[in-house]
Amino acid sequence: MEFLSELTGCFSTPAAGNPTVAMVEAAYRHHGLKYRYINCEVAQGALADAVLGARAMGWRGFNLSIPHKIAVIDHLDGLGASAEIIGAVNCVWRNRDRLIGENTDGKGFVDALNGVAAIAGVRAVVLGAGGAARAIAVEMALAGASEVTIVNRTAGKGEELAALLTARTPARGAFQPWQEPLRVPDGTDIVINATSIGLYSDGGVPALDFNSVDPVTLVADVIVNPRDTPFLSRARARGCKTINGHGMLVNQAIAGVAFWTGVTVDGAVMRAKLAEIFG
Ligand code: NDP
């Protein structure tokens, strides 16, 4: 008999609303992995202690959410290639006694396009320049998108991300100011809402002029709750194919669990748990 579990979890504040714990624990149970995942409320000034605690207890790894994705870098021993370019970490894993930071958010988004749309040579428009937008834009560029246009309310952040894409990836980065109604450039293949507009708490819709969107364009949203945002319904009314934020959420969790356990877990188990939670 042995009563010791390997520990993983998430450090954030507020921590209570993050559904990843339910998905990951369902996958651990399904695969008979002796691992636990714990949502931890970690205040801004407590991150250093939390990481030290995880080291002391031999945690296999942990996720980071708001507000720790950038600050955690100072407490790690190394970074994966895309995390280094993105400048943010949402997943840490232990390699012997070294803590390595990765960014699985953008990879999760790119994996969600698998079987839905090709990425090679596409022209993408990303709304937003925050953590999710940076991760998606960089991973889309590294996965073969030819051009990524960033549209952001705060121009400086958008310009900086566009310049980063041009300098550090094979894609061309461009910036378009956030002027309403937003018109997407001709020839856009995919439009991604990577802002927090549309979250259940605000109910807003990015002010896209859907007359500027060709119906062959794929429209994606990173918002998880609600599962189907008004932005996506408007895109479907225009005739566009859409994808919601759940694929990205599941795929980033699969990638994290693979870093921690070496096992690629069954995404269907996580999707079923999300469906149960969101109805
Ligand atoms: P950040 O706070 O880092 O970025 C928010 C972005 O939204 C910024 O670009 C901000 O613009 C923009 N924004 C917010 N409000 C407005 C507004 N009223 N008008 C115009 N722009 C606005 O957040 P994250 O990038 O971390 O998260 C963004 C969303 O992505 C959240 O809803 C989060 O839940 C979701 N997410 C989903 C994941 C998934 O797996 N599906 C994974 C990670 C995040 P500005 O720069 O001008 O402030």
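**Figure 1. Burial and overall dimensions of the predicted model.** Of the 279 residues of the protein, 51% count as buried, where buried means under 20% relative accessible area, exposed means over 50% and partly exposed lies in between, with a 1.4 Å probe and protein chains only. The model is predicted: local features need pLDDT of at least 70, side-chain atom pairs count only at pLDDT 80 or more, and totals for chains, interfaces and linings use all residues. Residues are numbered from 1 along each chain as its sequence is written, and side-chain values use heavy atoms, with hydrogens and water left out. The radius of gyration is 19 Å, which agrees with the value near 19 Å of a compact globule with 279 residues; this radius is taken over C-alpha atoms, and the globule rule is 2.2 Å times the number of residues to the power 0.38. The C-alpha trace spans about 65 × 40 × 35 Å along its principal axes. The accessible surface comes to about 12,400 Å², and 53% of this surface belongs to carbon and sulfur atoms; areas come from the Shrake-Rupley method with a 1.4 Å probe, and for residues only the protein chains shown count as cover. Among contacts between residues at least 6 apart in sequence, 68% join residues at least 24 apart, a contact being heavy atoms within 4.5 Å.

**Figure 2. The open parallel sheet of six strands.** The secondary structure comes to nine helices and twelve strands, taken as DSSP runs (helices H or I, at least four residues; strands E, at least two) and numbered from the N terminus. Six strands form an open sheet with parallel pairing, in the order β9-β8-β7-β10-β11-β12; two strands pair if DSSP finds at least two bridges between them. The edges are β9 (172-177) and β12 (241-243), each with a single partner strand, so one side of each is left without a neighbour in the sheet. From one strand to the next the twist averages 20 degrees, with axes fitted as lines to C-alpha atoms and angles running from 0 to 180 degrees between N-to-C directions. Strand β8 (residues 147-152) runs parallel to β9 and is joined to β9 by six bridges. Ile-150 has Phe-175 in β9 as its bridge partner.

**Figure 3. Antiparallel pairing around strand β5.** Strand β5 (residues 91-95) pairs with strand β3 (residues 61-64) in the antiparallel sense over three bridges. Here Phe-62 has Val-92 in β5 as its bridge partner. Strand β6 (residues 98-102) also runs antiparallel to β5, and five bridges join the two. Asn-95 is bridged to Arg-98 in β6. The hairpin of β5 and β6 has two residues between the strands, and Arg-96 takes a positive phi near 55 degrees.

**Figure 4. Aromatic pairs.** The structure holds six aromatic pairs, in which rings of Phe, Tyr and Trp (its six-membered ring) have centres within 6.5 Å; planes under 30 degrees apart count as stacked, over 60 as edge-to-face and the rest as tilted. Phe-11 and Trp-59 form a tilted pair, 5.5 Å centre to centre with 50 degrees between the planes. Phe-11 lies in strand β1 (residues 6-12) and Trp-59 in the loop between α2 (47-56) and β3, 48 residues apart. Both Phe-11 and Trp-59 are buried. Trp-93 and Phe-259 form a stacked pair, 5.4 Å centre to centre with 20 degrees between the planes. Trp-93 lies in strand β5 and Phe-259 in helix α8 (residues 246-261), so the pair ties together parts 166 residues apart in sequence. Trp-93 counts as buried at 18% relative accessibility, whereas Phe-259 counts as partly exposed at 28%. Ring pairs also link Phe-11, Trp-59 and Phe-62 into a cluster.
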